[in-house]
Amino acid sequence: MRKISGVLMAGAVAAALAGCSSDGAGGGGKGDGSYTVGIANFTLSGPYFIGMDKAIKAQAKKKDVEIVSTDAGGDAAKLASNVEDLLSKNVDAVIVSGGPLESAPAVLNSIKAAGKPAVLVDRKFRSGTYSSWIGPDNEAIGKQNGQFLAQHLPKGGTVAIVKGGPADNSIGLDRTKGVKAALSQAFGIKLVEAPDFGDWSTDGGLKVMESLLASHPDISAVACENDAMCLGAQRAVKDAGRQDKIVLAGVDGQTEALKAILDGTNYLVTGLNDADQIGSLGLDRTVDILDGKKTEKDTVVPSPRVTKENAEKYYDPEGNF
């Protein structure tokens with residue numbers, strides 16, 4: 001698929017440069033390639049996490065790995081229960097997609113006690129023992145979006161920030177931190193933050209942006225913590241008839257966002273944090289660990305800036321995300 005093929009090589013390079021580690025929990029599985037891997041999803045309520053789950057399953061099918069996927073519905077206790085259930089089924093490893101969850105000590109402790117590898121995708125928990133993590137540098141993504149907006153607004157302007165929440169979500173905090181760091185050095189830029197969270201959804205972004213437009217008539221640009229919210233914000237801007245005056249910057253590389261960028265709309269830029277790519281790499285990493293290979297502890301996947309000039313390279317309407 002085009003969106004994956006454009007970044008897999010860069011991801012492999014990043015993995016090669018990452019610090020190697022062999023101290024993760026579990027590893028060195030049966031070594032015969034006949035594996036069953038559990039996916040512990042904290043939530044499947046958004047397109048990003050649904051795409052991640054689908055990408056892991058698609059890659060597993062290519063490698064003849066059996067998958068057992070669970071959804072905790074955003075409940076930490078349910079996530080821990082799901083992991084216990086996966087372990088009772090004697091899965092060989094567990095891939096954890098933590099979504100907005102900051103830590104999951106019960107989950108990681110259970111996997112460690114069972115002697116199984118725990119591979120984290122996208123979200124790296126603040127504490128706990130895991131075998132490997134694959135994900136983005138969120139602050140760097142935010143910074144490159146901020147730099148783009150600064151270049152687009154050489155005479156200054158008001159930039160609105162749409163946050164996903166909750167208040168302690170380190171992924172969103174890092175992205176906004178990066179945006180602010182870049183724009184704080186720019187001429188004439190004023191920042192306004194929405195008081196409410198968009199909950200990482202299109203509908204949430206729409207509602208937050210409607211409120212911002214009502215209270216700040218001078219907005220020149222919008223920086224959203226993910227593409228789903230930014231697509232909602234774009235709709236609000238269009239409904240207000242201000243699409244010729246306000247540009248948008250998102251994060252993730254969601255198919256609909258890439259299409260909006262390709263079509264030359266006011267959605268100008270996103271930072272690639274591709275669920276297809278990270279999910280497939282997460283499955284590959286899990287199999288490598290089970291095969292007894294020495295793997296990286298932490299792998300930062302490159303997140304290139306995507307604009308109209310290069311969006312075709314990453315756009316894949318048949319992808320999972």
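1. Contact means heavy atoms within 4.5 Å. Helices (H or I, at least four residues) and strands (E, at least two) are DSSP runs, numbered from the N terminus. With these terms, the cover over the buried residues of helix 6 includes helix 5 (138-152), strand 7 (157-162), strand 8 (189-193), strand 9 (219-224) and strand 10 (247-252).

2. This is a predicted model, in which local features need pLDDT of at least 70, side-chain atom pairs count only at pLDDT 80 or more, and totals for chains, interfaces and linings use all residues. Residues are numbered from 1 along each chain as its sequence is written, and side-chain values use heavy atoms, with hydrogens and water left out.

3. The chain contains eleven helices and 14 strands. It has 321 residues, of which 56% count as buried (under 20% relative accessible area, with exposed over 50% and partly exposed in between; 1.4 Å probe, protein chains only). Among contacts in the chain with a separation of 6 or more, 79% join residues 24 or more positions apart.

4. Helix 6 runs over residues 170-183, 14 residues in total, and reaches 20 Å from its first C-alpha to its last. That is close to the expected 20 Å, the expected span being 1.5 Å times one less than the number of residues. Its buried residues are Ser170, Ile171, Gly172, Arg175, Thr176, Gly178, Val179, Ala182 and Leu183. At the start of helix 6, a side-chain oxygen of Asn169 comes within 3.1 Å of the backbone nitrogen of Ile171.

5. The structure has one cavity of 30 Å³ or more. On a 1 Å grid over the protein atoms alone, a cavity is a set of points where a 1.4 Å probe fits but cannot get out, and a pocket is an open set with protein on both sides within 12 Å along at least five of seven lines; lining residues have an atom within 4 Å of a point. The largest cavity has a volume of about 60 Å³, a volume being the space filled by probe spheres set on the points.

6. Helix 6 gives the most to the lining of the largest cavity, with three residues. Helix 5, helix 6, strand 9 and strand 10 each supply at least two. Lining residues include Arg175, Thr176 and Val179, as well as Ala223 and Glu225.

7. The largest pocket has a volume of about 370 Å³. Its lining has 26 residues, with Phe49, Pro100, Asp199, Trp200 and Asn226 nearest its centre. Helix 2 (47-62) and helix 6 are the elements giving two or more residues to this lining, and helix 2 gives the most, with three.

Terms used: A polar contact is a pair of N or O atoms within 3.5 Å; within protein, one must be able to donate a hydrogen and the other to accept it, and residues adjacent in sequence count only if both atoms are side-chain atoms.
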